[in-house]
Amino acid sequence: MPGSDRVGYPPSQRWSRAATSMQSTDLGNKESGKIWHRKPSPATRDGIIVNIIHNTSDYHPKVLRFLNVAFDGSGDCLIAGDHQGNIYTFELPGNRFNLVQRTAQACTALAFSLRRKSEFLVALADYSVKCFDTVTKELVSWMRGHESSVSSISVHASGRYAITTSSDTAQLWDLDTFQRKRKLNIRQSVGIQKVFFLPLSNTILSCFKDNSIFAWECDTLFCKYQLPAPPESSSVSYKVFAVTRDGRILAAGGKSNHLHLWCLEATQLFRIIQMPTKVRAVRHLEFLPDSFDAGSNQVLGVLSQDGIMRFVNIQTCKLLFEIGSLDEGISSSVISPHGRYIASVMENGSLNIYSVQALMQEINKPPPPLVKVIEDLPKNTLNSNDLKMKMMSGRIQRPAKSRESKIQTRILKQDLTGNLENKENELSEGLNKKRLQILLKSYGEYPTKYRMFIWRSLLQLPENHTAFSSLVDKGTHVAHLSLQKKYPIKSRKLLRVLQRTLSALAHWSSVLSDTPYLPLLAFPFVKLFQNNQLICFEVVATLIINWCQHWFEYFPNPPINILSMIENVLAFHDKELLQHFIDRDVTSQLYAWPLLETVFSEVLTREEWLRLFDNVFSNHPSFLLMTVVAYNTCCRAPLLNCTLKDDFEYFFHHRNNLDINVVIREAYRLMETTPASIHPSSVLDAFVALTKGQYPVFNQYPKFIVDYQTQERERRNDELDFLRERQTVENMQAEVEQRAEDEAWYKRQELLRRAEETRREMLLQEEKMLQQKQRLAAVKRELKIKEINLQDASRRHLLKLQQDRREMELRRLEDEIERKGQMRDQEIVAPTKDLEMRQLELESQKWLYEKDLTRNQEAVTKEIREDADAHRRKVALEEHVFQKLLETSQTQSTETQKVIKENLAKAEQACLNADWQIQALHKQKCDDRQRSEGYQEAASLLRKNRRKEIEVLNSVVQEEAKKWKEAEEKEFHLQSEKKAAALSDASRKWFLQQEISAALEHAGNPLHEAVPWLQKKQVASSCLPQTSPLSEGSEMDPSAQMFLNRKTTGWGSMEQDLLKKVRNLRQRLTAQAQNRCQTPHLLTT
């Protein structure tokens, strides 16, 4: 389980924000200008170099808020964008700002391209990413593909790839072709927090909202590892992440005051840091780079929800300093790659640039003197024995203060009467060289925090500001004007400081202007003290005076005497190795001089070099030569294996697998065991510090050689000046000749220009005429198009009318068919009703039948009339088409083809209409045929029904004739029944007349035969005497009356039975006829 530490506030770091005057710059509507107008002097309290705001000076002034900021690879230039899309570059060393782009929309992320220094990437509010050039201010590429706002842009260390991250996806881009290479797709339930490249590696780290973290190989996108889940006891939802420059430690934070530190090599959580209670959430994390930590950053910047960014040491968990306040909170912050500047976007929209050196000044302050003395007050009567002090660990503890008297603390002064021992070991600021050597032997190096202070004390630098300023004011020395060509250093500031330091050294001593190895000798010190050029110059000068003694006696050759001393020491301690060098023709100029002229900077890392020079500066100047011998003896095994001279050269110009502590211990052993006869200390003088006020004269070199080289240089410069002047005269003569030729050429060009103008005028006139012709042709084309459109509209209108007429005809036919179907149904229903009515009203049935016949005749007549009308319309249409053909044949010849096509279309339409009419007629004929067949079938059924009715009637008539015959036979005996028989005959007469009238129309001979017989009977009955029933009844016999009544009842019942049978028979026949007629009707419909 990783350890959990708390961040504490040391009493010395609880600063109260003082009201300090800081520079503020308003960009306004300017596109370029100075960032500050006087030399910035950031205060220790806040460390602000300059505050940058952007106010518009329009009619309604407003503040444009900065949203994002990013540094380039050098760390001296930054880029910032506001919410209106204005993007500015700020060059801090050059004190210039420039407006490079106006995107017209807010930017959500910024990043510099590491391969092409002038290009930068910007993510915009429309979810796109654009690449611009700061020099040409042009759009280089436009990358699209995101569906939500891009929150971060990460560029690979090589500058070839870039990763853009949004909430739903991350995309990998190739910056050479600006094409999307890969896309990371995730589920909607798992969001992306951040995807970025690890520094100086080929690994991609993806962090998700569920606290899962994966590492991927950039080229193959193979998953290298996954970090385990954080412990359940620490409920931190990761939101922000930061990685050290060496890519070994990952810091993660979120909505909590806990920070998790992951070791990416071991893939485990090794520490949990708890921030102060006032920190509730972490908004941003970033490590503070240090030039001396080899990428293993120890200081972490934590921006919390209160707008304050706190910088803590992740090893000691101490709060070092903080920026921002509750009143002026920080929204986002970026640290330069070299760790000198911090650019913060404030919550009010302004941009603050902080100096890390000013913020760290209080922390890097040297410790107080170790030795102090307490003196008595003038009127104090205490003796010296009364003040008792106890020495503990090199410090003097003062006694308890008295309430009645005060004790003054002063720096230790020299006792005029005492004799101080080891005076040469006493350094300035109260340090003791022997104690420092004891401390150095115990720990192997000085504390990093106090190393610069100890070096300055050991070297006893005078800090002659006036003398150094006079050397710098002389400008760049002639020998170092082309320094950049010889040593192409990436950092312009470092190159400028190196050039200034070398020029000051050349002005100080003329031999140093021609020393070829001086840049190699001074470069590590320039890089170490680049922020303090005075200290840098004095350290290099002290090094040359003391550790480079006798180096210039054989100038311009290497110091053969120094190399001989090294060879003698090596021969004494390791004869085998020296013999190996001699056998392989390797001299001291190959195995010793490269180490001396570069002061071991090529073969050691930064930390190893600093540790070595902690010992070099703390010992006699001969220690540096012993270190060269110790380096060779410690590397004797690989050196003995080398056989080629190139291998030796490579070995002494590159880093090797060697422990510097072993080399330092070996150097100390050599210092102690080397005999005095060959010991370099017998030749080299003791350490001598630079003098105060003015620097000492350095003339330990062969002056005549330097003077000769100076004269030669001046002679060469004079020759170069002469050659330059002669070249100038020749150039002027050539320029005069060239000018004459140019004038002649200009005259010819003028003539050609005039001829060209004349030709262009003629071409313009021709173009105008051509344009007029084109306009006329366009007008004709438009008129023709309008005519065609009108014809097309009329044709569409005609087609629409024809279609409407056809639809109306179809609706009429459908109505007619429907009406005929209804009529057919009525015709089928009518016989049924007629048959039912015939049971009671035979005369009424005749009238209804005649009415149906009349209606059918009218319908047929109407159909014939409609057919005749359709035929007339068809004839009229054909005549109209024919007339149209006659008319169109007389049109212009140019429209003949069009008319023929239209007539052909109309003829085809007429044919289609005729075919349609023929089909309609054919359908009508089929309907008529089916209807006539139905009529014939119904008529046959009716005829069968009538024949059966005639048979029934004949049987009734025969039965009635029999009864009449029987009545005639009994007429004489039943005169009393005559009256009843007459009444019965009258009723039957009325009924039979109905039946006979219907039967006569359909021809029945039996009916014609029965009618005269009935008429005869009617005549006979009419001839009977007309007597009243009372009188007849009175004349009848009572028995005859009774018999007559019984007969009348029998005849009545018989007649009712016969009528009932006839009615049932008619109903059955009608039902059969209806079933037969419905079947063809269903088939036709």
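**Aromatic contacts in the predicted model**

I begin with two phenylalanines: F581 and F648 are both buried, where buried means under 20% relative accessible area, exposed over 50%, and partly exposed in between, with a 1.4 Å probe and protein chains only. Please note that this is a predicted model, in which local features need pLDDT of at least 70 and side-chain atom pairs count only at pLDDT 80 or more, while totals for chains, interfaces and linings use all residues. Residues are numbered from 1 along each chain as its sequence is written, and side-chain values use heavy atoms, with hydrogens and water left out.

Let me turn to the chain as a whole. The protein chain contains 24 helices and 35 strands; these are DSSP runs numbered from the N terminus, helices being H or I of at least four residues and strands E of at least two. Of the 1085 residues in the protein chain, 39% are buried. If we take contacts (heavy atoms within 4.5 Å) between residues at least 6 apart in sequence, 60% join residues at least 24 apart.

Now to the aromatic rings. The structure has 31 aromatic pairs. Rings of Phe, Tyr and Trp (its six-membered ring) pair if their centres lie within 6.5 Å; planes under 30 degrees apart are stacked, over 60 edge-to-face, and the rest tilted.

Because F581 lies in helix 10 (residues 575-583) and F648 in helix 16 (residues 645-651), the pair ties together parts that are 67 residues apart in sequence.

Which residues form one aromatic cluster? They are W455, F525, F529, W547, W609, F613, F617 and F687.

Finally, charges over rings, defined by NZ of Lys or CZ of Arg within 6 Å of the ring centre and within 35 degrees of the ring normal. R144 lies over the face of W142, 3.9 Å from the ring centre. The charged end of K194 sits over the ring of F196, at 5.2 Å from its centre.
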